[in-house]
Amino acid sequence: MIDAHHHFWQYKQSEYPWMDDSLATLRRDYLPHHLKTEIDAAGISGVVSVQARQILKETDFLLNLAAQHPFVRGVVGWVPLNDPGVGGILEQYAANPRLKGVRHVLHDEADDQYMLRADFGAGLGCLAPLGLRYDLLIFARHLPISIQLVDRHPRQVFVLDHIAKPAIKKGQLEPWRTDLRNLARRPNVYCKLSGMVTEADWTGWSEKSLQPYVDTVLEAFGPRRIMFGSDWPVCAVAGGYQRWFKALGCITASLSADEQEWIYERTATQAYRL
């Protein structure tokens, strides 16, 4: 099995300003030996490490860890996509076979239209020729804008992180459900079942409260375009790795063995060319 979404960091307050007091449990180092304990308990053999800082040394950091730990099958790093010289930067990093994609924290940009900027689009256009994927990190409100982005780049493979962060805590399905179905009509988009428990009530979520959201993703994308992700260690604020993994296992238990195999291994392997 593959965990298609997690993070590593060596904590410094200045580099992780988004970790406010409500996220105090995250204010420490989370490194490969910590994750290995979690994935061994879950029976997972490989992972995809995703950027948490928007600096090139984050990509270097993750690629160095991947070189030291074979269970890190791939890295989704960060590069300055709006830099006119990003093509050369990408060629340099793409020479490392462990780099599978890049991501920008779009949902933190003050301008919701940031992803449609010409300079950002030019950088994004450099990814497909290098076989690199782009992880979409957005809120539900960004889905219509993201559809415009995807339509501008039909040859680019996109991976939607955290099912676009719907308002699970409020039990709100619309307009997220309609917009997600619309995005899913684009065959070059995959979706990660990840990050859901942190959008829910951290102490009060249940399988029942998550079920409508998982069902929507299954209906929209189908198992062959869905992959499991833990969002570790962020999930630690809402029950932790094992609780989320077991809950999703219960929610997907009615699926066939083949469908579960796609969600827990084959989709990630295919999407990221692991």
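Begin with the largest pocket, whose volume is about 610 Å³. A pocket here is an open set of points on a 1 Å grid over the protein atoms alone, where a 1.4 Å probe fits, with protein on both sides within 12 Å along at least five of seven lines; lining residues have an atom within 4 Å of a point. Grid points are joined across faces, edges and corners, and a volume is the space filled by probe spheres set on the points. The model is predicted: local features need pLDDT of at least 70 and side-chain atom pairs count only at pLDDT 80 or more, while totals for chains, interfaces and linings use all residues. Residues are numbered from 1 along each chain as its sequence is written, and side-chain values use heavy atoms, with hydrogens and water left out.

Select W18, H107, D108, L137 and K165, which lie nearest the centre of the largest pocket among its 26 lining residues. That lining comprises 11 nonpolar, eight polar and seven charged residues; Ala, Val, Leu, Ile, Met, Phe, Trp, Tyr, Cys and Pro count as nonpolar, Asp, Glu, Lys and Arg as charged, and the others, Gly among them, as polar.

Next, select the second largest pocket, with about 160 Å³ of space. Its lining includes K165, E174, P175 and W176, and divides into six nonpolar, one polar and four charged residues. Within this selection, inspect the peptide bond from E174 to P175, which is cis, with omega near 5 degrees. P175 is in the loop between strand 6 (158-160) and helix 6; helices (H or I, at least four residues) and strands (E, at least two) are DSSP runs, numbered from the N terminus. That loop also holds A164, a residue other than glycine with a positive phi of about 70 degrees. A164 counts as buried at 0% relative accessibility, where buried means under 20% relative accessible area, exposed over 50% and partly exposed in between (1.4 Å probe, protein chains only).

Rings of Phe, Tyr and Trp (its six-membered ring) pair if their centres lie within 6.5 Å; planes under 30 degrees apart count as stacked, over 60 as edge-to-face and the rest as tilted. W176 lies in helix 6 (residues 176-184) and Y213 in helix 7, so the pair ties together parts 37 residues apart in sequence. W176 is buried at 3% relative accessibility, and Y213 at 2%.

Now select F245 and Y264, whose ring centres are 6.2 Å apart with planes at 80 degrees, so this pair is edge-to-face. F245 is in helix 8 (residues 241-251) and Y264 in helix 9 (residues 257-271).

Which residues have the most contacts inside the largest nonpolar core? They are Y134, W176 and Y241, in a core of 87 residues. Such a core is a set of buried Ala, Val, Leu, Ile, Met, Phe, Trp, Tyr and Cys residues joined through side-chain atoms within 4.5 Å. Helix 7 (residues 207-221) gives the most to this core, with seven residues.

A cis peptide bond, with omega about 0 degrees, links W232 to P233.
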